[in-house]
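Hi,

Here is the structure I promised to pass on to you. Have a look at it first, and then read my notes below.

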Amino acid sequence: MVLAGAEVKVSKLESIVEQIGEAVLATTETIERLADRVDTLSVHSEEQGKQLQQQGYQILALCDAVQTLADTQDESLQKLTQLTRTLDRLMTLLEESDD
């Protein structure tokens, strides 16, 4: 009778150990899947970071181009203003010589 009781306890212990083993395996699989997902997110995050950096460089280049354009336009405006003044003086001289 004592032997039968010990066998029952051993059987229960084996069942508990088996359940713990199954839980450990399931947990390990879950952790591996989560690790894969974290790796995927990390790769995507790194790619997005590189894209943002490239866009930042493009924005800086665009700002430089706009500044150059503005400077060139300012120079052109100054030259047009000077040309207009010169033409005004020339017209004044021509009008005075007609009189």
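Glu46 is partly exposed, with a relative accessible area of 48%; partly exposed is the range between buried (under 20% relative accessible area) and exposed (over 50%), using a 1.4 Å probe and protein chains only. Lys50 is also partly exposed, at 48%.

Before going on, please note that this is a predicted model, in which local features need pLDDT of at least 70 and side-chain atom pairs count only at pLDDT 80 or more, while totals for chains, interfaces and linings use all residues. Residues are numbered from 1 along each chain as its sequence is written, and side-chain values use heavy atoms, with hydrogens and water left out.

Side chains of opposite charge can pair when their charged atoms come close. Lys50 and Glu46 form a salt bridge, with their closest N and O atoms 3.7 Å apart. The term means a side-chain nitrogen of Lys or Arg within 4 Å of a carboxyl oxygen of Asp or Glu, and by this rule the count is one salt bridge. Both Lys50 and Glu46 sit in helix H1 (residues 2-98), four residues apart, which is about one turn of the helix. Helices are DSSP runs (H or I, at least four residues), numbered from the N terminus.

Helix H1 is also where you will find Val8, which is partly exposed at 45% relative accessibility. How far apart in space are Val8 and Ala23, C-alpha to C-alpha? The distance is 22 Å, and in sequence Val8 and Ala23 are 15 residues apart.

Enjoy exploring!

Note on methods
Helix = DSSP H or I, 4+ residues; strand = E, 2+ residues; numbered from the N terminus.
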